[in-house]
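Please take me through this structure stop by stop, saying at each point what to select in the viewer and what can be found there.

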Amino acid sequence: MGNGTELPHNPAEPAPWISTKQGGARVKRRRVSWDQFSAVATLAPSLLLLGVFVYGFIAWTGYVSFTNWNSFIPTFSFAGWQNYISVFNTFRFQSDLRNIVVFTVLFILGCLVVGMALALLIDQRIRAESLFRSIFIFPMAISFVVTGVIWSWILNPQTGVNLILKAFGVKTLPTWFLSTTIVPNITLGQIQIGIPLALFAVLLAAVWQMSGFAMAVYLAGLRAISEDIKEAARIDGSGGWRMFWSIILPQLRSTTTTIVIILTAASLKVFGLVYAMTGPGQEFVTDMPSLNMFQTTFQGDQFAQGAAIAIVILLLMAIFIVPYLISTLRQGRAS
Amino acid sequence: MLALRRLNRAMVYGALIILALLYLVPVYVVLVTSLKVNSAISLSQMWNLPSSISLSSVAAAWGQLGPNFLNSFELAVPATLVSALLGSLNGYALSKWRFRGSSVVFFLILFGMFIPYQSVLIPLLRVLDTIGLYNTIVGLILVHVVYGIPITTLIFRNFYMAIPDEIIESGKIDGTGYWGIFRHIILPLSIPGFVVAAIWQFTQVWNNFLFAVALTNPPNQPVTVALVNIAGSQTVQWNVQMASALLVSIPTLIVYILLGKYFVRGLLAGSVKG
């Protein structure tokens, strides 16, 4: 294959309409086409695998979600929207939707604020920078289930953080993930709309684990802002806070978008952390769609309903990811 | 002015040190709890250092997790190697041989990185069962290789984008073809890319829970599932739970401590640069 110029015409060779522009070389040579065929051939096995395991399986799940397969024995008779209707009418799934929205918003806010604060502190030309960075990022190297197990011990209402609060004289100790309180508690449908306080325990663990990601991306963004801009702001006499709000933050807008998108995807998938830390919780205060899908499908044998939940999670994710991917890929091509 | 600067510096360091200590609280808790003996575990003494250091909890945890450790290694090592190799091949094709539609292909590959895996779990289980790979390590390897393709492809594509096209052009002028350029020019430059991709993939596979819990039963379960089983049983003491959490984290933490720089690069690569 190396001496392609001598190759006879290959029937599998791509036709001349395949673009041959490659850097500066605009000469149309047969070997370029052959090489580009090799590129496509290289990608073929991966594309085939992803075609089946991602797109094929999603289609299959979508199909299952419209069937009556809600017992151990597969049946594929058509059910229409019935599974979606039943799922959306359950107390559990309504709670899940409330929880995932509350969790995602607070999780992202927490990671952005903490990540930005850490990045700004680390960007102050400090000593032992790599040590501090390592400490803030290391939770990312740990499994979510490990985090869940550890934090369920730290936030265990009978011990852990509550011992310290007690030592400081706090009278009403939080019950953390065992709390069933929802604030502000507005009844809507079957559920109470508000922030389930139990989620703060999960959030604490999740932000501990993922804020290092926000920090690393922000730090890379901060380092990409030219010193000239920062210097100009300083000469201007802009104080620290004003400089941050009017110069640094606007420069980091696309960085922030990136972090928000990636963390949204991570948040919508959250599974191991909740599974290991709290489970669905009393009255489903810490339940998540991912957990509901898993238990509905594999413990309850309600395959079609599980599939319907899975499709809802996928659609929620696609709303964020597809526009983001398209726009970043466009930018990449333009540059 | 100078005094103000000094004060500022002191505040920066003060804040950093406090935050660093907060981030290390779970490490402290895990260490002091897992070094205590059963009888020394009491809810009121949680924050105290162990009066005498004992490895009995670690030994008990190892007794339960040991076989699962082997499973996780048998899973993570091959899955990592194959994923990295596929990522390298794909990244090369996508970065250096752009063809019509290559950005669509890239999009279709990347999308696979973000999907909630619940949306493929039912068919996945059926297919693995049909081809006899349900509840096997080989089956899990296959799953991780396939769903690892997007991220490793992304890592290598971005890595190869940074290699100047002139090098490829000079190879072409010398009459070297697609595979020759890969083998003699690209591959020798790829070692950092392989390190980044391999570390990332190893960490992901080792830490994964969803596929592991959905697709395996005892005794074929990886460590993450074993840990959750230990933590979920009411009879296991907290010191053994914490020792188990510690053991499960050690391999990825060692990789992180030794090669943290590359881990962060993988982290940043995950944030998709077009």
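Begin by selecting Leu227(B), which touches Val145(A), Val146(A) and Val149(A) as well as Ser244(B), Ala245(B) and Val248(B), leaving aside residues up to four places away in sequence; contact here means that the C-beta atoms, placed from the backbone, lie within 7 Å. This is a predicted model, in which local features need pLDDT of at least 70 and side-chain atom pairs count only at pLDDT 80 or more, while totals for chains, interfaces and linings use all residues. Residues are numbered from 1 along each chain as its sequence is written, and chains are lettered from A, and ligands numbered from 1, in the order in which they are written.

Next, select Val202(A) together with Leu227(B): these have the most contacts inside the largest nonpolar core, a set of 182 residues. Such a core consists of buried Ala, Val, Leu, Ile, Met, Phe, Trp, Tyr and Cys residues joined through C-beta atoms within 7 Å, where buried means that 20 or more other C-beta atoms lie within 10 Å of a residue's own.

Now turn to the interface, where 79 residues of chain B are in contact with 87 residues of chain A.

Finally, colour chain B by pLDDT, the predictor's confidence in each residue from 0 to 100: the mean is 91, and 97% of the residues reach 70 or more. The model scores ipTM 0.93 and pTM 0.89.

Note on methods. Contact = placed C-beta atoms within 7 Å. Buried ≥ 20, exposed ≤ 12 C-beta atoms within 10 Å, placed from the backbone.
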